[in-house]
Amino acid sequence: MSFLKHLFSGESQGQNAELDHELLQAAWAGDAAKASALIDKGASANAKTTGVLSYGTTALMAASDHGHLDVVNLLLSKGARVNDRDDNKPDRSFRKNALMY
């Protein structure tokens, strides 16, 4: 299993789980062209996973965390929610949104 597939494993919250999964990978890698194509095919700009290592990371959080401004701008233009929070702590005492990455 590749590192990215392991990192973003789990169930997507969107209706197009496989497309959302690929969008999360593209956002993490900074591939704006692929991210745009996936959104055009039906991936959600608010794709979020529940994988063991992902902690509820959204595509916007992944792009922001890795400094991929072009992907961040794309996701925002497609309606990504800035205030969605991750599930970083089991007790949820400190959950980050995309602006905190």
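**Exercise 1. What percentage of the 101 residues of the protein chain count as buried?**

Solution. The model is predicted. Of the 101 residues, 40% count as buried. The protein chain has five helices and zero strands. Along the sequence the pattern reads α-α-α-α-α. Then turn to the contacts. Among those between residues at least 6 apart in sequence, 56% join residues at least 24 apart.

**Exercise 2. Find which residues of α5 are buried, and work out how they are arranged around the helix axis.**

Solution. Step one: list the buried residues. Helix α5 spans residues 69-77, and its buried residues are Val71, Val72, Leu74 and Leu75. Step two: look down the axis of α5. The buried residues fall within an arc of 165 degrees, so they line one face of the helix. Step three: check the other side. There, Leu69 and Ser77 are exposed. Step four: find the cover. The buried residues of α5 are covered by elements including α2 (17-29), α3 (32-41) and α4 (59-65). Step five: see what follows the helix. Glycine 79 comes after α5, and its phi is positive, near 95 degrees.

**Exercise 3. Describe how α3 and α5 pack, from axes to residues.**

Solution. Two packed helices are described by the angle between their axes and the distance between the axes. For α3 and α5, the angle is about 20 degrees and the axes lie 9 Å apart. Angles under 35 degrees count as roughly parallel. The two helices, α3 and α5, are therefore roughly parallel to each other. The crossing of α3 past α5 is right-handed. On the α3 side, Ala32, Ala35, Ser36 and Ile39 make the contact; on the α5 side, Asp70, Val71, Leu74 and Leu75 do. By class, the residues of this contact are six nonpolar, one polar and one charged.

Conventions:
Residues are numbered from 1 along each chain as its sequence is written. This is a predicted model: local features need pLDDT of at least 70, side-chain atom pairs count only at pLDDT 80 or more; totals for chains, interfaces and linings use all residues. Side-chain values use heavy atoms; hydrogens and water are left out. Buried means under 20% relative accessible area, exposed over 50%, partly exposed in between (1.4 Å probe, protein chains only). Helices (H or I, at least four residues) and strands (E, at least two) are DSSP runs, numbered from the N terminus. The arc is that of the directions from the helix axis to the C-beta atoms. Contact means heavy atoms within 4.5 Å. Axes are lines fitted to C-alpha atoms, for helices over the stretch in contact, and angles run from 0 to 180 degrees between N-to-C directions. Angles under 35 degrees count as roughly parallel, over 145 as roughly antiparallel, 65 to 115 as roughly perpendicular and the rest as oblique. A crossing is left-handed if the near helix is turned anticlockwise from the far one by less than a right angle, and right-handed if clockwise. Ala, Val, Leu, Ile, Met, Phe, Trp, Tyr, Cys and Pro count as nonpolar, Asp, Glu, Lys and Arg as charged, and the others, Gly among them, as polar.
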